[in-house]
Amino acid sequence: KYLTDFCKASNLGIEDATRGIRERTQFIDNQLLHCVDSLSLANNSPHKRIQIVMVGCGGDTRAFRLSFPRNQRIDIYEIDLPSVVEYRQRIFAEHEIHCSDNISIHRIGCDLRYKEWTQQLIQQGYDPHVPSIWMLEGILKYFKHGSTLDNLMQCITQIMACNSLVIGDVVNNTHIRLTAKPWKEAFDGGTMVSGIDVPFDFFARFGFEDIAWKQVGYRKEDESKMLTTNPCRGDPLRRWFVFIAKWKQNQKQNGLRAKL
């Protein structure tokens, strides 16, 4: 009933909405495994650890269900509100759900609006001098442009080593306008406040390069327009993007503008 109400209010078909979630999940799954393999090869040693930071982890289960390399040490840092972290700590233990022996999970309960979370992350063992993988799935739309969103991105990049990778999804402002209210009313979800109309421009502003994206979850009747037009500021189409990008510190931005 909740999903039906949401789709009706936001003028989305149930298949369109659920297909977008499936496509986002599959994209992030595949890219995460690929990034782990890439960093593992770059390390040239399975004894060097891979760091994965999940910002706003919510109900994420990738630490338990993905087939990470068994010969590679992996540290996963799950960051969310204290209540979410406490629930995750309890629910996985109650159901005896465990990750592989080569994976260590570090949970950090905090408010991402305040910079203190970066020090908590480092105190949990995160090394800002080692290339890492960051996941931003379903999180950036809840932070405000020009204030908390910019602060969050700056906090992330300040503790990223060169050649770190970020994977996630964003939606544009038309998506926010058409979806935010139905989402909150149907699911009592968080308040969506910020859309990103052009992912390349947004991430390049914070020093990312090799920015690649594709669109997911669009209505079938919009498919032709989606695939033949480029996203732009003030875009009238409702767009949902998945992306991957590489952090290059303050080097000259010459990233490739690409569609996946």
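1. Helices (H or I, at least four residues) and strands (E, at least two) are DSSP runs, numbered from the N terminus.

2. On provenance, this is a predicted model, in which local features need pLDDT of at least 70 and side-chain atom pairs count only at pLDDT 80 or more, while totals for chains, interfaces and linings use all residues. Residues are numbered from 1 along each chain as its sequence is written, and side-chain values use heavy atoms, with hydrogens and water left out.

3. Which residues of H4 are buried? They are Val85, Arg88, Ile91 and Phe92, where buried means under 20% relative accessible area, exposed over 50%, and partly exposed in between (1.4 Å probe, protein chains only). These residues lie on the same side of H4, because they cover an arc of only 140 degrees around the axis, the arc being that of the directions from the helix axis to the C-beta atoms. An α-helix has 3.6 residues a turn, so residues three or four places apart point the same way.

4. Ser83 and Glu86, on the other side of H4, are exposed. The cover over the buried residues of H4 includes helix H3 (62-65), strand S2 (74-80) and strand S3 (103-109), with contact meaning heavy atoms within 4.5 Å. Just after H4, Glu96 adopts a positive phi of about 55 degrees.

5. Asp80, which belongs to strand S2, deserves a separate remark. Asp80 is buried yet has no salt bridge, and the nearest side chain of opposite charge, that of Arg88, is 7.1 Å away; here a salt bridge is a side-chain nitrogen of Lys or Arg within 4 Å of a carboxyl oxygen of Asp or Glu, and for charge Lys and Arg count as positive and Asp and Glu as negative, with His and the chain ends not counted. A polar atom of the Asp80 side chain does, however, lie 2.8 Å from the backbone nitrogen of Gly58. Leaving aside residues up to four places away in sequence, Asp80 touches Gly56, Cys57, Gly58, Val85, Ile108, Gly109 and Cys110.

6. The structure holds 19 salt bridges, and Arg19 takes part in bridges with both Glu15, at 3.9 Å between the closest N and O atoms, and Glu23, at 3.7 Å. Glu15 and Arg19 lie four residues apart in helix H2 (residues 14-43), about one turn of the helix, and Glu23 and Arg19 are likewise four residues apart in H2. Arg19 is buried, with a relative accessible area of 13%, whereas Glu15 at 45% and Glu23 at 26% count as partly exposed.

7. Asp29 forms a salt bridge with Arg65, the closest N and O atoms being 2.8 Å apart. This pair links distant parts of the chain, with Asp29 in helix H2 and Arg65 in helix H3, 36 residues apart. Asp29 counts as buried at 11% relative accessibility, while Arg65 is partly exposed at 41%. Both belong to a network of salt bridges that links Arg24, Asp29, Asp60, Arg62, Arg65, Glu137 and Asp169.

Methods:
A polar contact is a pair of N or O atoms within 3.5 Å; within protein, one must be able to donate a hydrogen and the other to accept it, and residues adjacent in sequence count only if both atoms are side-chain atoms.
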